[in-house]
Structure formats: C-alpha cells, structure tokens
Amino acid sequence: MSRIALALGCGGTVGGAWSMAALHSLAQALDWDPREAAIIQGTSAGAEIATMLGAGFSTQDLVDMQRGEPVDARLAAHLANTPPSFPPIPGLAMPNPRTLLRRGGHRPLVGLAPAGRGDASWLDRLAGAVCPPGKRWLDRPGIRLVGYRTDDDTRIAFTGPSEADPANPALSSAATLSQAMRASWGIPGWMPSVSVDGRDHCDGGAASTASVDLIGADEADVVYVIASMAGLDDVRGPGVGGLAEYTLLRRPMSAVLRREVAEVRRRGTEVVVVSPTADELGALGANFMDAGRRAAAFESSLVSTRATVAAALSTESPR
C-alpha cells in the first residue's frame, strides 16, 4: 500500500476555504480519508487545516464548518473568529536589506516588511481547544506546520516532541501547537512574527507555498498537494485584480512550487498538485483575506473542485 503525504499550502481566509473544498473533492475522488495520511503538512492557512485534521475532524466536518453548520462547538467558534479582511496599520520595524539577496518566493521582501500587528489569538484559541490538556502538541503523529526562520533563511516544519529528527534540522519540536500555528500564519506586515527558542519565525508561505520538498523520499510514495496560491502553470484570475495577484503573489510562489515538485519527483516520489483554474481564481477574488467573500467562494469551490481534482489526478496518476 502506498504511503501518502498531504501538503496543504497557504491561502488566507478565501484560499483556505478553497483548499477545504478541494480536499473534500480529493477525498471523494479517491474514496480516501485524508486523516489517514502518514504526513499532514500545512503552511499558514494549510496549517489550520492540518491542525483540524490532526485533531480528528473529517473533511465533512470542515465542509459543515465552512457552511456555518458545524456539529462541534470548537469549529463553530473558529469560524466565528475569522480574521478581518484587511490588516491594522503595521508598526515600525528595523528593515533588514540583506534579505534582498535571498532567492525564492517572497524571501527578498521579508526583511523590508513593517511589523505586523494583526491579532492571531484566534489561532491560540483553536490550539487550546484541540490540544490535549497539559500537552504541547496533538497526540496524532505526522502533523507538521511550516514556518520560515528569518535570521538564517530556513523553513522549519514544527512537529510533535516524539518526531523531531536530529539528522533533519528542518524538523523541530521546539514550538507549542499554538506557537507553530501563529508562526506559520505570521504574514509579514500583517501578523506578528513568533519567537521560538529566541529566534523569529514568520509565515512559511513567505518562502514556499507548501514546502513539498521537506517531505523526504523515505516518508511517502505519493504526495498530494493542495495549493490555492500557486500552481504548476501560469494561470491567473481575470481583470486588473487577477493580474496584480498573479504578478505580486502567484508567479513567484508558483516558480518555487515547480522547483520543489520537480525535485521531489526526481527522488522517485509521485506528486499530484491540485490548484485553482482561472475560473476558480475569478470566483475567489484578488484579496484572499476577504472574509466577506469566504462563504460564496467556498460554495462555488465545492462544485468546481470536482473537475479540478479529476484533471489533476488524470495528469499525474498515483500508484
């Protein structure tokens, strides 16, 4: 039986809703429960989804939550705590122009972003609601939440205390679940960075949308990637907003994703990437943090992702 890993990319409020719809469509197409994946790795909004799967919630639970019909009070509270569509005025920060020499994604700009002042307490509340009392992490193994360590340009996959590997410096058990989620969601200029072991970490999406290459060749035979903000092609949304989103966000993030997928495939691991079509991007809009657009975007995605997933599976058929 194939060992399956799941890599859930960044996407903010609206991209996260699309990702939940795409994951539900993937689960139905494969007749598979994503909670059974050997590794569930999430970045930013994907870290939220990975946390909820690791806490035992099913894709149907996530669908019900997005529709405002959750049967679990913890999911109802989490949906109610959706962050606002725009950030508060950022604070002052000492710029670090050395980051301009970095390559890949939005690494060059991280050191120039002002200090984010957004309220990440909704992630603290989710972590507190699903983490077993007295524990730092979920009991379910294989959950990894990716952040970006800014001082040395390193992506870190935070995981449970029993899973850190001294031979793999990208895996760390130094963070609590709450710290890891807030770090993975620490959008530069929007959300504050998070200090873990005295070193600052920000949104993993600043370096990579899904960090597919952090999943080792000996850990999975197939990696399913759900990426709302990047793809293997040059698809973009319509109009000026779509062009701006593509130029500023999607194009650099897609370049990183393509390199990572090529590397993982060279190792002999099959990779299936599910990303939005141009029509879907039009429905999602240019501001992926637009809380007012979330519900409608989710409903349309729940239908459209069936064909998107089918196309991805037919392009790269896993064993």
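The model is predicted: local features need pLDDT of at least 70, side-chain atom pairs count only at pLDDT 80 or more, and totals for chains, interfaces and linings use all residues. Residues are numbered from 1 along each chain as its sequence is written, and side-chain values use heavy atoms, with hydrogens and water left out.

Two packed helices are described by the angle between their axes and the distance between the axes. Axes are lines fitted to C-alpha atoms, for helices over the stretch in contact, and angles run from 0 to 180 degrees between N-to-C directions. Helices (H or I, at least four residues) and strands (E, at least two) are DSSP runs, numbered from the N terminus.

| Pair | Angle | Axes |
|---|---|---|
| α1 (residues 12-30) and α10 (residues 294-315) | roughly 45° | within 7 Å |
| α2 (residues 45-54) and α7 (residues 177-184) | about 150° | 8 Å apart |

α2 is therefore roughly antiparallel to α7, while α1 and α10 are oblique to each other. Angles under 35 degrees count as roughly parallel, over 145 as roughly antiparallel, 65 to 115 as roughly perpendicular and the rest as oblique.

Residues in contact have heavy atoms within 4.5 Å. On the α1 side of its contact with α10 are residues including W18, M20 and H24; α10 brings, among others, F298, R306 and L313. The residues of this contact comprise 14 nonpolar, five polar and two charged. Ala, Val, Leu, Ile, Met, Phe, Trp, Tyr, Cys and Pro count as nonpolar, Asp, Glu, Lys and Arg as charged, and the others, Gly among them, as polar.

From α2, A47, E48 and T51 meet L177, M181 and S184 of α7.

**Strand β1**

Five of the five residues of β1 (residues 4-8) are buried, so the strand is largely enclosed by the rest of the structure. Buried means under 20% relative accessible area, exposed over 50%, partly exposed in between (1.4 Å probe, protein chains only). I4, L6 and L8 cover one side, A5 and A7 the other.

Strands pair if DSSP finds at least two bridges between them. β1 runs parallel to β8 (residues 222-226) over five bridges. It is also parallel to β2 (residues 39-43), with four bridges. L6 faces Y224 in β8 and has I40 as its bridge partner in β2.

**Residue H106**

H106 sits in the loop between α4 (73-80) and α5 (107-110). Its relative accessibility is 15%, so H106 counts as buried. Neighbours within four places in sequence aside, H106 contacts A206, L248, L249, P252 and M253.
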